[in-house]
Amino acid sequence: MAYKSILEGKDVDELFDAVLELKNREECYRFFEDLCTINEIHAISQRMEVAKLLSEKKTYNEIEEITNASTATISRINKCLLYGAGGYKIVLDRLYKDK
């Protein structure tokens, strides 16, 4: 069964198609620096770090200390890991499959 996102639409499809065209980290830096503010990029990367630490069974206090993320942000990401669309799991499994 194919996943049906509540975000689906032509504009979002085109954004994701653009991301899928990126070939390496340098291209990602170039694209995301043009697309997002510095604060947006830092917020997104912080969320990925929180998801990684949660998957490593770190406590909220440890994660807050390491990332400076609020407990509300940590809780939101934990909820996504437990009940979300599975996107974090897909990426974390692929990034850290050998670890």
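Helices, in this legend set, are DSSP runs of H or I with at least four residues, and strands are DSSP runs of E with at least two.

**Figure 1. Overall fold of the predicted model.** The structure shown is a predicted model. The chain contains six helices and zero strands. Read from the N terminus, the elements follow the order α-α-α-α-α-α. The C-alpha trace spans about 40 × 35 × 30 Å along its principal axes. Of the 99 residues in the chain, 14% are buried. When contacts between residues at least 6 apart in sequence are considered, 35% of them join residues at least 24 apart.

**Figure 2. The largest pocket and its lining.** Rolling a probe the size of a water molecule over the atoms shows where empty space is left. The largest pocket has a volume of about 2300 Å³. Its lining comprises 40 residues, and those nearest the centre of the pocket are Val19, Phe32, Ile44, Met48 and Val91. Which helices each supply at least two residues of this lining? They are α1 (10-21), α2 (25-35), α3 (38-55), α5 (71-83) and α6 (87-95). Helix α6 gives the most, with eight residues. By class, the lining of the largest pocket consists of 26 nonpolar, four polar and ten charged residues.

**Figure 3. The second largest pocket.** This pocket has a volume of about 240 Å³. Its lining is formed by Leu54, Ser55, Lys57, Lys58, Asn78, Leu81, Leu82, Lys89, Leu92 and Asp93. Helices α3, α5 and α6 each supply at least two residues of the lining. Four of the lining residues are nonpolar, two are polar and four are charged.

**Figure 4. The aromatic pair formed by Phe31 and Phe32.** One aromatic pair is present in the structure. The ring centres of Phe31 and Phe32 are 5.4 Å apart and the ring planes stand at 80°, so the pair is edge-to-face. The reasoning rests on a cut-off: planes over 60 degrees apart count as edge-to-face. Phe31 is partly exposed, with a relative accessible area of 23%, and Phe32 is also partly exposed, at 27% relative accessibility.

**Figure 5. The surroundings of Phe31.** Phe31 belongs to helix α2. Which residues does Phe31 contact, leaving aside its neighbours within four places in sequence? The contacts are with Leu15, Ala18, Val19 and Leu22. Phe31 and Tyr96 are 65 residues apart along the chain, and their C-alpha atoms are separated by 24 Å.

**Figure 6. Cysteines without a disulfide.** A disulfide is a covalent bond between the sulfur atoms of two cysteines. A search of the whole structure finds zero disulfides. For comparison, a disulfide is counted where two cysteine sulfur atoms lie within 2.5 Å. The two residues can also be described by their accessibility. Cys36 is buried, with a relative accessible area of 17%, whereas Cys80 is partly exposed, with a relative accessible area of 36%.

Note on methods. Residues are numbered from 1 along each chain as its sequence is written. This is a predicted model: local features need pLDDT of at least 70, side-chain atom pairs count only at pLDDT 80 or more; totals for chains, interfaces and linings use all residues. Side-chain values use heavy atoms; hydrogens and water are left out. On a 1 Å grid over the protein atoms alone, a cavity is a set of points where a 1.4 Å probe fits but cannot get out, and a pocket is an open set with protein on both sides within 12 Å along at least five of seven lines; lining residues have an atom within 4 Å of a point. Grid points are joined across faces, edges and corners, and a volume is the space filled by probe spheres set on the points. Ala, Val, Leu, Ile, Met, Phe, Trp, Tyr, Cys and Pro count as nonpolar, Asp, Glu, Lys and Arg as charged, and the others, Gly among them, as polar. Buried means under 20% relative accessible area, exposed over 50%, partly exposed in between (1.4 Å probe, protein chains only). Rings of Phe, Tyr and Trp (its six-membered ring) pair if their centres lie within 6.5 Å; planes under 30 degrees apart count as stacked, over 60 as edge-to-face and the rest as tilted. Contact means heavy atoms within 4.5 Å.
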